[in-house]
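Here is a short briefing to read beside the model. Take the topics in any order you like.

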Amino acid sequence: MNSPVKFYQTGTFTVGNRLLDADLRSVQSATTRTNSLNSGHRACQGCGEALGARYAIDAAMRATSSQLVAVNATGCLEVFSTPYPETSWQIAWIHSLFGNAAAVASGVAAAMRVQGRHDVRVIAQGGDGGTTDIGFGCLSGMFERNDDVLYICYDNEAYMNTGVQRSSATPPAARTATTPAVGPHPGNVAGTGKNVPLIAMAHGIPYVATASVANLRDLEDKVTRAMGIHGARYIHIHVPCPLGWGSAPADTIKVARLAVESGLFPLFEAEYGEVTAATKIRQRVPVDEYLELQKRFAHLFAPQRDDARLAAIQATADRNVARFGLVD
Ligand SMILES: Cc1ncc(C[n+]2csc(CCOP(=O)(O)OP(=O)(O)O)c2C)c(N)n1
Ligand code: SF4
């Protein structure tokens, strides 16, 4: 028997919304979008970083009437998009070193200012390793000087490009190449790591936001808002990596959504150090539902359940829910 066709798009969080009025449609549903990151790149199937970057940069292009320069740290996003002499980028794009994207972007912004090109805006982008670890000093300097740059971190929670090594954004208990699932406490050590969105807020910069490929309209909105502001801005986007996380490529959006709905990845915005908005969780789920889909956490469930560490991860989610008021 044929199922009736359902139009889920209108009034939902799905991305197309072609049934809405033109001014309410998403960037991606516009035929005039730039396709900043074009087909032909070499990202893995289901790569959350490729998806997040395309939506983010297309939104920034629309917000700036395509007067945009992107500086890209070394990492998967650079490697899969730009194997010299080819590129999938259809924008003005420059590859920095692994650790200095923020500094190079500050320089590009200064050069544009000196030339009187106030219409040209600058984005820096990189993975969590390039942001929370090796690039952190340059990033903090960019914040402290309030340079006119939007920095976007695509957080896949490890150094994926070089074979899934732990970063300071790797969550507790996660198995990586450098935190193997062996010993009495397998996987990444609990109680370590950095929360860069909160650290960015501590710099008092004009705008900080978190976003997820689970909610691409929200992601587009936040990038658009950030491009309407001058000074240092930071957006931290959660991007599942099927290869590094051991999740099915087809589950990328589902995994990202469960991170949000469990409370492990809170979606919020902040201005000048104060939280101004947080997205409520629509249907709260226990963290197990998120973790079970990923082989990097398999040792938490077999050969026997690691109740203590699962409870600790659940407690982190509970703290986020309370801290950001994620549930009414
Ligand atoms: C100074 C320096 N050290 C190490 C490397 C090797 N390297 C290139 S990309 C990368 C990891 C990138 O990880 P991340 O920033 O998290 O981005 P992802 O690949 O996960 O998107 C490393 C270690 C390098 N290019 N330069
Ligand atoms: S390793 Fe992960 S981040 Fe890199 S291209 Fe593959 S899915 Fe994307």
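Is Lys280 buried, partly exposed or exposed? Lys280 counts as partly exposed, at 41% relative accessibility; the classes used here are buried (under 20% relative accessible area), exposed (over 50%) and partly exposed in between, with a 1.4 Å probe and protein chains only.

This is a predicted model, in which local features need pLDDT of at least 70 and side-chain atom pairs count only at pLDDT 80 or more, while totals for chains, interfaces and linings use all residues. Residues are numbered from 1 along each chain as its sequence is written, chains are lettered from A and ligands numbered from 1 in the order in which they are written, and side-chain values use heavy atoms, with hydrogens and water left out.

**Salt bridges**

- The structure holds 13 salt bridges, each being a side-chain nitrogen of Lys or Arg within 4 Å of a carboxyl oxygen of Asp or Glu.
- Lys280 pairs with Asp328, and their closest N and O atoms are 3.3 Å apart.
- This pair links distant parts of the chain, 48 residues apart: Lys280 sits in the loop between β8 (274-278) and α10, and Asp328 in the segment after α11. Helices (H or I, at least four residues) and strands (E, at least two) are DSSP runs, numbered from the N terminus.
- Asp328 counts as exposed, at 84% relative accessibility.
- Salt bridges with shared partners join Arg121, Asp148 and Arg233 into one network.
- Within that network, Asp148 and Arg121 form a salt bridge with their closest N and O atoms 3.2 Å apart.
- Asp148 lies in the loop between α5 (136-144) and β4 (150-155) and Arg121 in strand β3 (residues 121-127), so the two tie together parts that are 27 residues apart in sequence.
- Arg121 is buried at 7% relative accessibility, whereas Asp148 is partly exposed at 26%.
- Glu157 and Arg296 meet through their side chains in another salt bridge, at 2.8 Å from N to O.
- Glu157 and Arg296 are both buried.

**A buried charge without a salt bridge**

- Glu261 belongs to helix α9 (residues 252-262).
- Glu261 is buried yet has no salt bridge, and the nearest side chain of opposite charge, Arg282, is 4.7 Å away.
- The side chain of Glu261 does reach the backbone nitrogen of Gln283, at 3.0 Å.

- Among the buried residues of α7 are Leu216, Leu219, Val223 and Met227, along with the charged Arg217, Asp218, Glu220 and Lys222.
- Ala50 is in helix α1 (residues 48-63) and is buried, with a relative accessible area of 9%.
- The C-alpha atoms of Ala50 and Tyr154 are separated by 9.3 Å, although the two are 104 residues apart along the chain.

**Backbone features**

- Most residues other than glycine have a negative phi, and most peptide bonds are trans.
- A cis peptide bond joins Tyr84 and Pro85, with omega about 10 degrees, and Pro85 lies in the loop between α2 and β2 (92-95).
- Another cis peptide bond joins Ala302 and Pro303, with omega about 5 degrees; Pro303 lies in the loop between α10 (287-291) and α11 (307-324).
- Asn35, in the segment before α1, has a positive phi near 55 degrees and is partly exposed at 24% relative accessibility.
- Ser66, in the loop between α1 and β1 (68-72), has a positive phi of about 65 degrees and is partly exposed at 37% relative accessibility.

Notes: Lys, Arg positive; Asp, Glu negative; His and termini not counted. Polar contact = N/O pair within 3.5 Å; in protein donor to acceptor, adjacent residues only side chain to side chain.
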